[in-house]
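Subject: Structure for your files

Hello,

Here is the structure you asked about, with notes on what turned up in it. The notes follow directly below.

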Amino acid sequence: MEAMMKQSEYLRYDAVALADLIRRGEVSSREVCEAAVERAAQVNGSLNAICYPQFSDALEQPHPQDAPFSGVPLLLKDLAQEQEGHPCTYGSRGFKANIAAKNSEFVRRALGGGLVILGRTATPEFGLKAVTESRLWGPSRNPWDTRLTPGGSSGGSGAAVAAGIVPMAGANDGGGSIRIPAAYNGLFGLKPSRGRISSGPFMGEAWTGASSDHVVSRTVRDSATMLDVVAGPASGDPFVIPPPAEPFARLMQKTPGPLRIGVFTSSPYHTEVAPECVAAVEETARILENLGHHVEYARPEFDGMALARCYLGLYFGEVSALIEKAKTQLGAKDEDFELDTRLIGMLGQTMPLAEYVSRRQQWNEFARALGAYFSRFDLYLCPTTGQLPAHIGELDTPAHLQFAARLMLTLKAGRLVHRSGQVDQMALESLARTPFTQLANLTGTPAMSVPMHWTSAGLPVGVQFGGCHGSEGTLFQLAAQLEEASPWFSRYERLDAGIA
């Protein structure tokens, strides 16, 4: 199918600009969606980003005419972000029969904002990994180098946006899953504050408050405008946080003024950090100083290994609950889940309840430490990830560890694993490549990845900024300032011309 809107034209615009073209009658929503479908046909075979296309539905989907994104195509992540009448698999064969009875609050508001749903993007099983290589959908690939991962767990969305299928795509972040794919794909990605976007109606707080929905995007203004569309409480939410003084899309156009920014580059888990990730932070720090901000090397004081243990405890509990849900409500069997997932589920079932509660209560210690840090600084700057993206399959569980995992499952040795101290080693191994993102999740604070650096091989490297609860406005203002000082949109032309 040949779109009336040329690919070269479609790829020039972000979501805000496309909506403006549609609003002024220069192009129709159908023509824009046809261009998106054409782009998907060109690149998705190489990337495996879209796992559930809804192309025909998108061309006929009605949408409000006077909304911020009227007629603009959007991809949803296939984890939460439920759309009524469509499957939401969580990247798992155990959830293939999970058909949404109603829209999630995020999807309801996205539709109200005029967005047209083009399909769903791939995610690792239950969103558990920083690579998107589920047994259900297979590996998604990075458009900058298809031998590499686009990250996770919003890897399909990250690959799709970088490749220009859509200007922004749904994502969510319970441990870095917006920011890691943003960093690996050269995109902007902001995880909002706890409570900024409703997790309703299917839950009160996603991952007990660690996770939030939003998008990955090519431009800062798309992210800010989308947050205006989807932010706010829903009836029955556990709490309400104050809205911004004015819409984020307007707020981001104002200067943030001189900011005090604390900088650190060492991993909180004392794991190795790639020189390219350090260089990205140092380069950004120099730009910040030239923009008039005060930059000082200082890190928040908290126990990194305690944070890793608490985060892994969250994994254990959430995964065991999801497996149980799939078995009782969807008829799933053990063999429907990946080996690593089943092992984590067993560790959740055998984790003492008092220990789980104690670890959840310990989140407060990290929040207080970060609060003390923000009494001295407005924001922090650090690497988004500790390493560059791994090759596809590089992080597969080795054969000898698969054997050990099967043995532990057979022997139902969960309690023994907890007592052995192996959980600390599991925490380090699972978080070593991405040690900087979990702090914002457990403290409920906003954080963003900004594409500020490219390696000599042409790979994007993101840097992360974090602020106190409710400070999305300041983050957007700084991001817009950096986007102007060090523009990145033209770099997508390399991908627009062809996927490596």
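In this predicted model, helix α11 (residues 304–330) packs against helix α16 (residues 422–431) with the axes 9 Å apart and at an angle of about 90 degrees. The two helices, α11 and α16, are therefore roughly perpendicular to each other. On the α11 side the contact is made by Met-305, Ala-308, Arg-309, Tyr-311, Leu-312 and Phe-316. Their partners in α16 are Val-423, Asp-424, Met-426, Ala-427, Leu-428, Ser-430 and Leu-431. Sorted by class, the contact of α11 with α16 has ten nonpolar residues, one polar residue and two charged ones.

One is with helix α18 (residues 472–485): the axes come within 9 Å and cross at roughly 160 degrees. An angle over 145 degrees counts as roughly antiparallel, so that is how α8 lies to α18. The crossing of α8 past α18 is left-handed. From α8, the residues involved are Val-220, Ser-223, Ala-224 and Leu-227; from α18, they are Glu-472, Phe-476, Ala-479, Ala-480 and Glu-483. Six of the residues in the contact of α8 with α18 are nonpolar, one is polar and two are charged.

The other packing of α8 is with helix α5 (residues 105–112), at an angle of about 110 degrees and with the axes 8 Å apart. Angles of 65 to 115 degrees count as roughly perpendicular, and α5 and α8 are therefore placed in that class. Here α5 passes α8 in a right-handed crossing. Phe-106, Arg-109 and Ala-110 of α5 meet Met-226, Val-229 and Val-230 of α8. The contact of α5 with α8 consists of five nonpolar residues and one charged residue, with no polar ones.

Next, the empty space. Rolling a probe the size of a water molecule over the atoms shows where such space is left.

The second largest pocket has a volume of about 340 Å³. Its lining is made up of 15 residues, and those nearest the centre are Lys-129, Glu-338, Leu-339, Asp-340 and Gln-402. The largest share, three residues, comes from α12. What classes of residue make up the lining of the second largest pocket? Eight are charged, four are nonpolar and three are polar.

The largest cavity contains about 130 Å³ of space. Of the 15 residues that line the largest cavity, Gly-195, Ile-197, Ser-199, Gly-204 and Glu-205 lie nearest its centre. The lining of the largest cavity divides into eight polar, four nonpolar and three charged residues.

The second largest cavity has a volume of about 60 Å³. Among the residues lining the second largest cavity are Phe-264, Phe-302, Tyr-380, Phe-436, Pro-268 and Pro-435. Others in that lining include Arg-299, Leu-307, Cys-382, Leu-439 and Gln-464. By class, the lining of the second largest cavity has nine nonpolar residues, one polar residue and one charged residue.

Last, some points about the backbone. Most residues other than glycine have a negative phi, and most peptide bonds are trans.

- Gly-152 and Ser-153 are joined by a cis peptide bond, with omega about 5 degrees. Ser-153 lies in the loop between β5 (138–139) and α6 (155–162).
- The peptide bond from Gly-200 to Pro-201 is also cis, and its omega is near -5 degrees. Pro-201 sits in the loop between β7 (188–191) and β8 (212–217).
- Trp-207 is not a glycine, yet has a positive phi of about 50 degrees. Trp-207 is found in the loop between β7 and β8.

Regards

Notes
Residues numbered from 1 in each chain as written. Predicted model: local features only at pLDDT ≥ 70, side-chain atom pairs only at ≥ 80, totals over all residues. Heavy atoms only, no water. Axes fitted to C-alpha atoms, helices over the stretch in contact; angles between N-to-C directions. Helix = DSSP H or I, 4+ residues; strand = E, 2+ residues; numbered from the N terminus. Parallel < 35°, antiparallel > 145°, perpendicular 65-115°, else oblique. Left-handed = near helix turned anticlockwise from the far one by under 90°. Contact = heavy atoms within 4.5 Å. Nonpolar A, V, L, I, M, F, W, Y, C, P; charged D, E, K, R; others polar. 1 Å grid on protein atoms, 1.4 Å probe; cavity = no way out; pocket = protein on both sides within 12 Å on 5 of 7 lines; lining within 4 Å. Points joined across faces, edges and corners; volume = space filled by probe spheres on them.
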